[in-house]
Amino acid sequence: MSRKNHEMIDGKLLQTDKKYAQLKLKQKEKIAEWMFQATRDYYMEKYTFPNDKHLEEVVDIVYEKIEDAEIWIPYGEVFKHYKSKRSDINKRIRRSLNEKEESRIEKVCFMNMCMIQDDKGNVLALDKVNDSYTGTTFPGGHVEQNEIFQKSMIREVWEETGLTIETPKPCGLYHWHKGGVHYVITLYRADRFIGELTCSEEGQVYWIPLEELKTKELATGMEYVLQILESEQVNECYMHLEADG
């Protein structure tokens with residue numbers, strides 16, 4: 001074997017002018033993944049990609065892995081290759097982060113419901129007449145776009161009952177998935193209000209003792225809503241479809 005352009009390093013005869021292109025395909029694939037990982041870690045820590053002054057910080061980490069894997073390639077060749085590929089690496093990292101963010105996005109429909117209590121032990125009931133949701137329930141509805149949750153609750157109560165509630169207190173969540181949409185109802189309690197009770201097209205509203213309300217034909221899920229609203233703690237109920245329906 002010719003010793004031209006070779007040096008004995010750590011007991012091994014190594015080619016000092018070895019080019020990156022001379023590496024085996026599997027070695028290149030490993031190094032490419034190490035460069036991606038090291039650059040991504042740098043970005044996640046500093047919220048920016050390494051500029052020319054900080055490329056060595058990434059290459060040093062990569063080269064340590066190269067040495068641990070007993071792959072021989074001069075440091076300068078690795079640095080030069082990383083510099084030529086960093087634009088592609090940065091693009092790959094941006095794509096991977098965007099994909100991760102998109103995977104966390106889902107369609108959500110925000111709604112609300114409020115148990116309004118008077119000083120006589122009554123609650124305000126609503127006999128819903130909507131075709132898709134019928135039975136005895138509490139006032140509530142949908143949160144409109146760009147609407148603050150608490151203001152939405154106050155608006156819905158006023159529209160359905162004629163009463164204006166003050167400082168409704170959040171008590172929990174009731175939610176489920178259906179048809180690719182996550183439906184989330186924020187549950188409130190309120191005992192301060194002004195105005196005159198008035199029915200709306202949503203159905204008849206009236207005061208009724210809480211225990212008597214429980215004996216009526218309740219709207220779907222109201223038994224779980226009541227459990228949350230009667231609790232002193234903030235609770236959550238998630239409904240899901242099981243194999244038996």
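## Close-up views of a predicted model

**View 1. A salt bridge between K128 and E202.** In this predicted model, the side chains of K128 and E202 come together in a salt bridge, with 2.7 Å from N to O. K128 is buried, because its relative accessible area of 14% falls under the limit of 20%. E202, with a relative accessible area of 25%, is partly exposed. Side chains of opposite charge can pair when their charged atoms come close.

**View 2. The open sheet that contains β4.** Three strands make up an open sheet in the order β5-β4-β11, and their pairing is antiparallel. Strands β5 (133-137) and β11 (203-209) stand at the edges with a single partner strand each, so one side of each has no neighbour in the sheet. On average, neighbouring strands of this sheet are turned by 20 degrees against each other, direction ignored. Between β4 (residues 122-130) and β11 there are seven bridges in the antiparallel sense, and L126 has V205 in β11 as its bridge partner. Strands of a sheet pair through backbone hydrogen bonds, either parallel or antiparallel.

**View 3. The largest nonpolar core, around F138 and L187.** This core has 23 residues, and F138 and L187 are those with the most contacts inside it. Several elements give two or more residues to the core, among them β3 (107-116), β4, β8 (169-178), β9 (181-190) and β11, together with the helices α5 (210-213) and α6 (222-230). Helix α6 gives the most, with five residues. When residues up to four places away in sequence are not counted, F138 touches residues including M113, V123, L126, L213, M222 and L229. Another core, of 22 residues, lies apart from this one and has F36, F49, V58 and V59 among its members. In soluble globular proteins, nonpolar side chains tend to be buried together.

View 4. T39 is found in helix α1 (residues 25-46). Is T39 buried or exposed? T39 is buried, because its relative accessible area is 0%. The side chain of T39 makes a polar contact of 2.9 Å with the side chain of Y82. If neighbours within four places in sequence are left aside, the residues in contact with T39 include F49, P50, V58, I89 and I93.

View 5. The structure holds twelve salt bridges. In one of them E166 pairs with R192, where the closest N and O atoms are 3.0 Å apart. E166 lies in the loop between β7 (163-165) and β8, while R192 lies in the loop between β9 and β10, so that the pair links distant parts of the chain, 26 residues apart. Both count as partly exposed, E166 with a relative accessible area of 30% and R192 at 48%. The side chains of E230 and K214 also meet in a salt bridge, with 3.0 Å from N to O. E230 belongs to helix α6 and K214 to the loop between α5 and α6, so this pair ties together parts that are 16 residues apart in sequence.

Notes: Residues are numbered from 1 along each chain as its sequence is written. This is a predicted model: local features need pLDDT of at least 70, side-chain atom pairs count only at pLDDT 80 or more; totals for chains, interfaces and linings use all residues. Side-chain values use heavy atoms; hydrogens and water are left out. Helices (H or I, at least four residues) and strands (E, at least two) are DSSP runs, numbered from the N terminus. Buried means under 20% relative accessible area, exposed over 50%, partly exposed in between (1.4 Å probe, protein chains only). A polar contact is a pair of N or O atoms within 3.5 Å; within protein, one must be able to donate a hydrogen and the other to accept it, and residues adjacent in sequence count only if both atoms are side-chain atoms. Contact means heavy atoms within 4.5 Å. Two strands pair if DSSP finds at least two bridges between them. Axes are lines fitted to C-alpha atoms, for helices over the stretch in contact, and angles run from 0 to 180 degrees between N-to-C directions. A nonpolar core is a set of buried Ala, Val, Leu, Ile, Met, Phe, Trp, Tyr and Cys residues joined through side-chain atoms within 4.5 Å. A salt bridge is a side-chain nitrogen of Lys or Arg within 4 Å of a carboxyl oxygen of Asp or Glu.
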